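I opened this model to look up two residues and then the ligand sites. My notes follow in the order I made them.

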Amino acid sequence: MENIRHIAIIMDGNGRWAKKQNKPRIYGHKEGMSRVKEIVQYSRNLGLDVLSLFAFSSENWFRPKSEVSFLMALLEQYLKSEVAELKENGVKLNFIGNIKKLPPNVCKIIEQSLRTTEDCSDMLLNIALSYGGREELLSAVKSIAYDCTTGKISPEDINDTLFSNYLYTKSIPDPDLLIRTSGEMRISNFMLWQIAYTELYITDTLWPDFNSSEFAKAIDNYNSRERRFGKISEQINGEQ
Ligand code: IPE
Ligand code: IPE
Ligand code: MG
């Protein structure tokens, strides 16, 4: 696809989906994992360059211990069972966030899956884990300040491009479309810098119900929009 390279998704609503059926929250996370597989496959077939998935936020650490452990186990299971197929499909993995905070067994499988898929180039699957947008910005600012004190860069060098290269997402284009499931009208600390001009799509559909046809609807909706980037319609049409 030409006009859409990168889709980012805030996968929300697993707990509510389970609650609706009088099931424990973890049941929703399990079903949500099936949608992850489905949406990754669909994105790959679509020819998307990058799919970013917000899987676990820096704030999600404050959830009940049992839920956090379940999510970590699920993540480990996903990577173990999917990495061979991802490689076969040309999908390269990337992780953004404070990865060091994850349990050692998860860190290990992350490193392995990065190595296994490092030569893949058909799509980048970018998973945000223990990720917080403010944390990412602060870590960029710290590194930039440090590089200024050592003389590697000077304050005058700091511009959009340089700043972007200090973020976890360096060399990944900004998302064209950000989808949030389950209806919450908020960003919840996701990609604060990167979504400056991203199109937003918020659906009431809960993540475990967000199948390929729901995804296609979101993309259709995106395709009907005009991205003006501050300009006027006539300028945009003239450029085409
Ligand atoms: C998204 O679903 C999964 C994670 C944040 C890890 P939630 O677990 O937030 O589900 P709700 O929002 O409570 O329904
Ligand atoms: C955002 O969902 C984080 C992920 C989807 C991983 P949350 O459920 O944590 O967000 P809030 O608490 O509703 O803002
Ligand atoms: Mg939620």
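**Thr-205 and its loop**

I started with Thr-205, which I found in the loop between β6 (199–202) and α7 (212–223). The model is predicted, and I read each entry with that in mind.

Is Thr-205 buried or exposed? I count Thr-205 as buried because its relative accessibility is 18%, and the cut-off for buried is under 20%. I also noted a polar contact of 3.1 Å between the side chains of Thr-205 and Glu-214.

**Lys-152**

I then took its separation from Glu-82: 70 residues in sequence, and 41 Å in space from C-alpha to C-alpha.

**Ligand 1**

Which residues come nearest to ligand 1? Of the 13 residues around the ligand, I wrote down Asp-12, Gly-15, Arg-16, Arg-25 and Arg-63 as the nearest.

An N or O atom in the side chain of Asp-12 is at 2.8 Å from one. For the side chain of Arg-63 the value is 2.7 Å. Asn-14 uses the backbone instead, with an N or O atom 3.1 Å from a ligand oxygen. Ligand 1 on its own exposes 380 Å², and the protein buries 87% of that.

I see that the space ligand 1 takes is the largest pocket. Two or more shell residues come from each of α1 (14–20), α2 (25–46) and α3 (65–88). The largest share, three residues, is from α1. By class I have three nonpolar, five polar and five charged residues in this shell.

**Ligand 2**

Ligand 2 also sits in the largest pocket. Among the residues around ligand 2 I listed Ile-10, Met-11, Asp-12, Phe-54, Arg-63, Arg-180, Arg-186 and Ser-188. Strand β2 (residues 50–57) gives the largest share of this shell, four residues. I sorted the shell into five nonpolar, three polar and four charged residues.

Which distances did I note from ligand 2 oxygen atoms to side-chain N or O atoms? For Asp-12 I have 3.2 Å, and for Arg-63 also 3.2 Å. For Ser-188 the entry is 2.6 Å. The accessible area of ligand 2 on its own is 390 Å², of which the protein covers 78%.

Key
Residues are numbered from 1 along each chain as its sequence is written. Chains are lettered from A and ligands numbered from 1 in the order in which they are written. This is a predicted model: local features need pLDDT of at least 70, side-chain atom pairs count only at pLDDT 80 or more; totals for chains, interfaces and linings use all residues. Side-chain values use heavy atoms; hydrogens and water are left out. A residue is near a molecule or strand if one of its heavy atoms lies within 4 Å of it. A polar contact is a pair of N or O atoms within 3.5 Å; within protein, one must be able to donate a hydrogen and the other to accept it, and residues adjacent in sequence count only if both atoms are side-chain atoms. Accessible areas come from the Shrake-Rupley method with a 1.4 Å probe; for residues, only the protein chains shown count as cover. On a 1 Å grid over the protein atoms alone, a cavity is a set of points where a 1.4 Å probe fits but cannot get out, and a pocket is an open set with protein on both sides within 12 Å along at least five of seven lines; lining residues have an atom within 4 Å of a point. A molecule sits in a cavity or pocket if more than half of its atoms lie within 2 Å of its grid points. Ala, Val, Leu, Ile, Met, Phe, Trp, Tyr, Cys and Pro count as nonpolar, Asp, Glu, Lys and Arg as charged, and the others, Gly among them, as polar. Buried means under 20% relative accessible area, exposed over 50%, partly exposed in between (1.4 Å probe, protein chains only).
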